[in-house]
Amino acid sequence: MAVKSSKVAKKATARPSTAKKSAAAPNPTAARRKSPAAAAKPVLLSGGNPQIAKGYGDAPIRAYIEAMPGWKRDVGHRLDALIERTIPGVSKAVKWNSPMYGVEGQGWFLGIHCFTKYIKVAFFRGTSLRPIPPGASKSQDTRYLDIREDEPLDEAQFASWVKQASQLPGERM
């Protein structure tokens with residue numbers, strides 16, 4: 001007869017049998033699962049940008065906007081409504097944790113991203129817009145509009161840029 005080492009013997013006695021498990025014993029996989037409320041609440045990445053799963057259509061955009069922190073949520077709703085009114089039937093998606101707007105078959109013309117103190121709107125063919133949006137970019141064609149809490153948004157100018165941008169070839173992403 002072989003003699004078991006003390007470590008093996010302890011492991012064998014420490015392991016409960018399946019027949020003796022109590023109904024109240026926690027399920028280790030259940031502890032790792034998130035509750036529906038926790039699963040529904042997105043993580044905010046650096047700068048307060050919501051982490052939303054990639055997706056197409058209105059639902060991921062709505063989820064992103066609802067997860068935007070503080071004053072940015074109201075601005076997100078305003079921007080989305082302005083874009084929809086200006087471009088009926090606009091294509092929408094969340095890619096790279098940013099809402100994207102485009103025209104079917106033409107690509108994406110605009111993206112939105114949250115930062116700590118502002119919302120950045122990227123016009124991917126911004127240098128072709130008149131007047132050119134104020135924020136420069138490392139990308140030759142892209143221009144930005146930074147929206148801050150204490151600064152009013154010129155909705156007429158924004159809508160004009162959206163209309164112009166939607167008529168240009170978009171980015172294929």
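**Strand pairing and burial**

I began with the pairing of S2 and strand S3 (residues 98-103), which is antiparallel and extends over 5 bridges. The model is predicted.

I looked up individual partners across this pair. Lys-92 lies opposite Tyr-101 in S3, and Ser-91 lies opposite Gly-102 in S3.

I then examined the hairpin that S2 and S3 form. There are 2 residues between the strands, and Trp-96 adopts a positive phi near 50°.

Next I checked the covering of strand S2 (residues 91-95). I found 5 of its 5 residues buried. Ser-91, Ala-93 and Lys-95 point one way, Lys-92 and Val-94 point the other way, and all are buried.

Strand S1 (residues 55-56) is joined to S2 by 2 bridges, and the two run antiparallel. Gly-55 has Val-94 in S2 as its bridge partner.

Which strand does S3 join through 4 bridges? I found that S3 is joined to strand S4 (residues 107-114), and that they run antiparallel. Within this pair, Met-100 is opposite Gly-111 in S4.

In the hairpin of S3 and S4, I recorded 3 residues between the strands and a positive phi near 80° at Gly-105.

Last, I asked why S3 is described as largely enclosed by the rest of the structure. The reason is that 5 of the 6 residues of S3 are buried.

Terms used:
Residues are numbered from 1 along each chain as its sequence is written. This is a predicted model: local features need pLDDT of at least 70, side-chain atom pairs count only at pLDDT 80 or more; totals for chains, interfaces and linings use all residues. Side-chain values use heavy atoms; hydrogens and water are left out. Buried means under 20% relative accessible area, exposed over 50%, partly exposed in between (1.4 Å probe, protein chains only). Two strands pair if DSSP finds at least two bridges between them.
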